[in-house]
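Hello,

Here is the structure I promised to hand over. Please have a look at it first; my notes follow below.

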Amino acid sequence: MHDSFWGIFIIGLGIVSISFIIFFQNMTSIDEQNYTLLRETTEAAMYDAIDLATYRRDGTIRIDREKFVENFVRRFAEGAQLSQNYKIEIFDVNETPPKVSIRVSSNLASNVTNEVIEFNISNKLDAILETPY
């Protein structure tokens, strides 16, 4: 009888441990995926928004603000998870030299024992477009 209670305790402790591991792994992978998506999308949108007419005329690298925002939102929507709600904030877009500041926020909600726990995951990126001469 005494040994069976220890067995039940070990099994219960294992189930609780596995549920905590799954919960924190889910939260960490969402944060990592959001950051990677933000970084790759920003870089691709900056390359797409380069104003080629100005580059050919003056040799200066300049990005078009409206084209950058349009490309960034389209690319981010293609790679984002459909089950998440995202808030995209574009703080600063300098056309010359090409620099952008972006923050993407999302909420992660989890139900642990009848209590809903919400986490706000926010990733901020300041990017400068560097090109070799």
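In what order do the elements of the protein chain run from the N terminus on? The order is α-α-α-β-β-β. That makes three helices and three strands. Helices (H or I, at least four residues) and strands (E, at least two) are DSSP runs, numbered from the N terminus. The radius of gyration of the chain is 22 Å, well over the 14 Å that the globule rule gives for 133 residues, so the chain is more spread out than a compact globule. That radius is taken over C-alpha atoms, and the rule is 2.2 Å times the number of residues to the power 0.38.

A word on the source. This is a predicted model, in which local features need pLDDT of at least 70 and side-chain atom pairs count only at pLDDT 80 or more, while totals for chains, interfaces and linings use all residues. Residues are numbered from 1 along each chain as its sequence is written, and side-chain values use heavy atoms, with hydrogens and water left out.

**Overall**

The C-alpha trace spans about 85 × 30 × 20 Å along its principal axes. Of the 133 residues, 27% count as buried. Buried means under 20% relative accessible area, exposed over 50%, and partly exposed in between (1.4 Å probe, protein chains only).

Pro97 lies in the loop between strand S1 (86–94) and strand S2 (99–112). A cis peptide bond joins Thr96 and Pro97, with omega about -15°.

**Arg65**

Arg65 sits in helix H3 (residues 65–79). Its relative accessibility is 39%, so Arg65 counts as partly exposed. Beyond residues up to four places away in sequence, Arg65 touches Val93 and Glu95. Such a contact means heavy atoms within 4.5 Å. The Arg65 side chain also reaches the backbone oxygen of Val93, at 2.8 Å. Val100 is 35 residues from Arg65 in sequence, yet their C-alpha atoms are 9.5 Å apart.

**Ser101**

Ser101 belongs to strand S2. Is Ser101 buried or exposed? Ser101 is buried, at 7% relative accessible area. Its side chain makes a polar contact of 2.7 Å with that of Asp126. A polar contact is a pair of N or O atoms within 3.5 Å; within protein, one must be able to donate a hydrogen and the other to accept it, and residues adjacent in sequence count only if both atoms are side-chain atoms.

Best wishes
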